[in-house]
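Here is a short briefing to read alongside the model. Have the sequence and the structure open as you go.

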Amino acid sequence: MIRLAFPVMFSAVLFAIGVYGVLARRNGILVLMSIELMLNAVNVNLVAFSQFLSGQAAPLAGQIFTLFVITVAAAEVGIGLAIVILIFRNRETINVDEVNLLKW
Amino acid sequence: MTVQEWVFLLLGLVGTGAALRLVTAKNVVHAALYLVITLATVAGVYLILAAEFVAWVQVLIYVGAIVVLLLFGLMLTRAPIGREALDNQQRGFAAIVAVGILAGLAILLWDTFGQARIDLAPGSTRGIGSSLFRSYVLPFEVVSFLLLAALIGAIVLARRDEDVVERRRAEPPRSLREREVARR
């Protein structure tokens, strides 16, 4: 028996910290890490509500979607790091505020 | 407060502290290690919520694979040390946005789910397995295809073109500073 507010608040805190990291960091890899924090916050929410609604029609849908989110996050990190390494090779920096090729 | 809630509180505090250190760390490798702590506490949270399969998937994929990938990324790029080098000038603005999101979410969620309780039923792995391969086969296959596409995409992006390698060999790469000097 656990209050639903505990995991939900934990996920809100993690999400807010992730938002701060994405906005305040300029190193590309640290931005990726902060995005991971936000994805984890979403996953905590999914699992918490999956357990909260365990008497409903599709009781385990939340946990299964957590697995999908984890897989998509792995793919995202793979592609993101490939892009970061490519940028580093071409421009010798991974600071996201110095990479402004597509800026108008 | 039940035992689960006390353990959850402890894990939540550790995870929150590690996450805060992650976004304020001066050294990128320390940030990666704080990320490990945060992800491990999230796995502990899954265990408390009786989602043991998701917890071990979290340990294997996040702590085992993604963090190693990020560490490889850190090793292949140059990582400066110091907050000024790692943060941009929007730190105050970012803090305001984050606190605003946190306050909004906290008020909304407490209002809605303040008194709700979870009845924990252990042992969901069997159900996950059977519904993953019965009801969710199509999403499962789509996700596996997505992983394959991401893998191939990462290889294509990160490998060097042959002619570029040849040109680099003929003319050794110059650092950014040398290029600036030559331009002057």
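In which sense do E1(A) and strand E1 (residues 117-118) of chain B pair? They pair in the antiparallel sense, over two bridges; strands count as paired if DSSP finds at least two bridges between them. Before going further, note that this is a predicted model, in which local features need pLDDT of at least 70, side-chain atom pairs count only at pLDDT 80 or more, and totals for chains, interfaces and linings use all residues. Residues are numbered from 1 along each chain as its sequence is written, while chains are lettered from A and ligands numbered from 1 in the order in which they are written.

**Where the chains meet**

- The contact draws 63 residues from chain A and 77 residues from chain B, with two residues in contact if their C-beta atoms, placed from the backbone, lie within 7 Å.
- On the side of chain A that touches chain B, two or more residues each come from strand E1 (2-3), helix H1 (5-24), helix H2 (28-52) and helix H3 (61-91); helices (H or I, at least four residues) and strands (E, at least two) are DSSP runs, numbered from the N terminus.
- H3(A) gives the largest share of that side, 21 residues.
- By class, the side of chain A that touches chain B has 47 nonpolar, 10 polar and six charged residues (Ala, Val, Leu, Ile, Met, Phe, Trp, Tyr, Cys and Pro count as nonpolar, Asp, Glu, Lys and Arg as charged, and the others, Gly among them, as polar).
- At the strand pair, Arg3(A) stands opposite Arg117(B) in E1(B).

**The two H3 helices**

- The axes of H3(A) and H3(B) come within 10 Å and cross at roughly 5°; axes are lines fitted to C-alpha atoms, for helices over the stretch in contact, and angles run from 0 to 180 degrees between N-to-C directions.
- H3(A) and H3(B) are therefore roughly parallel to each other (angles under 35 degrees).
- Their contact includes Leu67(A), Ile70(A) and Val77(A) of H3(A) along with Ile61(B), Tyr62(B) and Leu69(B) of H3(B).
- This contact has 17 nonpolar, five polar and no charged residues.
- H3(B), residues 52-76, reaches 35 Å between its end C-alpha atoms, close to the 36 Å expected at 1.5 Å a residue; the expected span is 1.5 Å times one less than the number of residues.
- Among the buried residues of H3(B) are Phe53(B), Ile66(B) and Leu74(B) (buried means 20 or more other C-beta atoms within 10 Å of the residue's own, exposed 12 or fewer, and partly exposed in between, with C-beta atoms placed from the backbone).
- The buried residues of H3(B) pack against H2 and H3 of chain A, and also against helix H2 (28-48) and helix H6 (125-132) of chain B.

**Chain B as a whole**

- Chain B has nine helices and one strand, and buried residues make up 26% of its 184 residues.
- H7(B) is hardly covered, with two buried residues among its 22.

**Residues to look up**

- Tyr136(B) sits in the loop between H6 and helix H7 (137-158) of chain B and counts as buried, with 20 C-beta neighbours inside 10 Å.
- Leaving out residues up to four places away in sequence, Tyr136(B) touches Ile64(A) and Ser131(B).
- Ala50(B), in the loop between H2 and H3 of chain B, has a positive phi near 60°.
- Glu92(A), in the segment after H3 of chain A, also has a positive phi, of about 60°, although it is not a glycine.

How values were computed:
Parallel < 35°, antiparallel > 145°, perpendicular 65-115°, else oblique.
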